[in-house]
Amino acid sequence: ESRQFAQELQRVLELFEATCRTQEAELGRLDAVAGDGDHGQGMVLGSTGAVQAGKKALARDAGARALLVHAGTAWAESAGGTSGALWGAALTAAGRALSDDHAADSHSAVRAMLNAVDALQRLGGAQPGDKTMIDAAVPFAQTLEQEFHNSGDLFAALKAAAQSAQTAAQATAELTAKLGRSRVLGEKSVGTPDPGATSFAILMDELAHHIGQ
Ligand code: ADP
Ligand code: MG
Ligand code: MG
């Protein structure tokens, strides 16, 4: 059962990689407006590194915790860039909320995702409104926690959280970037959503659909 759960997480990493590849050009285009245009490339490199590390971990019979901790390290190393370091830390933090010895119940799954968003905030130091992925990640976490508390239904909570992330990512178009590379050209970014918030929302939407299958 614990092995099956680790394999399920590996399928999520593979889904993230496939999605990053599909979105690579569009994410690069968003990042080129006020950043250096490499966000799509960074997400592809990071997710590919994570999938490869996950494969190796499974071959060693790793559990869910070890799989995500290794995948996170590999994501950060393979991607380079700000978002790579943040995604890597988020995966590793999610793994630390899980066990190698048994499958996560829905409570631990929620805890893992909240841990991941905490790590994003701690490492990046961004506040909501700075026009970063935090603008999507914080509403995602708030909705997830609240809806799961209300319904106890992981899928319903994740679906609602992904919807919040999507709405919030779109709303970053109105903001001026204050952190990261885009701060230099912050004003230029008005009218375009933040690339990191956009990719976060897209991946959480994919995750919600995947869990709902
Ligand atoms: P880089 O800026 O190093 O080229 P990417 O282009 O891959 O890295 O990622 C850019 C994204 O990283 C931004 O759109 C933003 O969402 C996110 N980002 C930048 N700085 C921070 C930060 N301090 N906290 C959270 N997210 C950040
Ligand atoms: Mg960039
Ligand atoms: Mg860069």
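The model is predicted: local features require pLDDT of at least 70, side-chain atom pairs count only at pLDDT 80 or more, and totals for chains, interfaces and linings use all residues. Residues are numbered from 1 along each chain as its sequence is written, while chains are lettered from A and ligands numbered from 1 in the order in which they are written.

**Overall fold**

The protein chain contains 8 helices and 0 strands, where helices (H or I, at least four residues) and strands (E, at least two) are DSSP runs numbered from the N terminus. The radius of gyration, at 16 Å, is close to the 17 Å given by the globule rule for 213 residues, so the chain is as compact as a globular protein of that length. That radius is taken over C-alpha atoms, and the rule is 2.2 Å times the number of residues to the power 0.38. Further values for the chain are tabulated below.

| Property of the protein chain | Value |
|---|---|
| Buried residues among the 213 residues | 56% |
| Contacts with a separation of 6 or more that join residues 24 or more positions apart | 65% |

A residue is buried if 20 or more other C-beta atoms lie within 10 Å of its own, exposed if 12 or fewer, and partly exposed in between, with C-beta atoms placed from the backbone. Two residues are in contact if their C-beta atoms, likewise placed from the backbone, lie within 7 Å.

**Helices α2 and α3**

The axes of α2 (residues 39–59) and α3 (residues 64–79) come within 7 Å and cross at roughly 145°. Axes are lines fitted to C-alpha atoms, for helices over the stretch in contact, and angles run from 0 to 180 degrees between N-to-C directions. Residues making this contact include Gly-42, Gly-46 and Leu-58 of α2, and Ala-66, His-70 and Trp-75 of α3.

Thr-73 is located in α3. It counts as partly exposed because it has 18 C-beta neighbours inside 10 Å. Beyond its neighbours within four places in sequence, Thr-73 is in contact with Gly-88 and Thr-92. Thr-73 and Gly-46 are 27 residues apart in sequence, with their C-alpha atoms 9.5 Å apart in space.

**Helix α7**

The 18 residues of α7 (residues 154–171) should span 26 Å at 1.5 Å a residue, which agrees with the 25 Å between its end C-alpha atoms. The expected span is 1.5 Å times one less than the number of residues. Buried residues of α7 include Leu-154, Lys-159 and Gln-166. Among the elements covering the buried residues of α7 are α5 (106–124), α6 (134–151) and α8 (195–212).
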